[in-house]
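Here's a quick tour for anyone meeting this protein for the first time. Have a look at the structure below, then read on.

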Amino acid sequence: MYKKILLAYDGSESGQRALLDCHEIAQWSQAQLQLIAVMQFPVSNLTLEGGLYDDTLQQGEEARYQAILDAGLRTLHDAGLAARGEVVVGDAVTEITRCADSIQADLIVVGHKHRSGWAARWWSGSVSKALIEHAPCSVLVVITH
């Protein structure tokens, strides 16, 4: 039985589908829900000496990710579920596993969209695949086409 569920939420079509599936599982198991939106650390320009940091870009990205997270939380609250959420900055797999460890999650839920064509699959990599290798608990990958 799942008591603590972590949903990595990005607002995409696959993320929306994962949110709906997570909602059903949480209702069935009476689980606590935690949403996490993982923002990559923005770098505005790269030079030979290293990266140049743009605070305005990060503030805009943080606001965008917070709005995505708030929309997901609102959907769950409107459905009668209590959920907490957090925007974090860093590598998606690292941050998701860190959060799952910290809340002692029983299940991680992520959305995944199948890419068409070998080049798209090769270029994009897979957070879901890497997450399964590093997760401290079960992982549900909700697939959209």
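Of the contacts (heavy atoms within 4.5 Å) in the protein with a separation of 6 or more, 74% are between residues 24 or more positions apart. This is a predicted model, where local features need pLDDT of at least 70, side-chain atom pairs count only at pLDDT 80 or more, and totals for chains, interfaces and linings use all residues. Residues are numbered from 1 along each chain as its sequence is written, and side-chain values use heavy atoms, with hydrogens and water left out.

You'll find five helices and seven strands here; these are DSSP runs, with helices (H or I) of at least four residues and strands (E) of at least two, numbered from the N terminus. Buried residues, meaning those under 20% relative accessible area with a 1.4 Å probe and protein chains only, make up 37% of the 145 residues.

Let's start with strand S1 (4-8). Four of its five residues are buried, so S1 is largely enclosed by the rest of the structure. S1 pairs with two strands, and a pair needs at least two DSSP bridges:

| Pair | Sense | Bridges | Facing residues |
|---|---|---|---|
| S1 and S6 | parallel | four bridges | Leu7 and Val109 |

Now for helix H3 (residues 92-103). Its buried residues include Ala92, Ile96 and Ile103, and S1 is among the elements covering the buried residues of H3, as is helix H5 (127-134). Just after H3, Gln104 takes a positive phi of about 55°.

Definitions and conventions. Buried means under 20% relative accessible area, exposed over 50%, partly exposed in between (1.4 Å probe, protein chains only). The expected span of a helix is 1.5 Å times one less than its number of residues.
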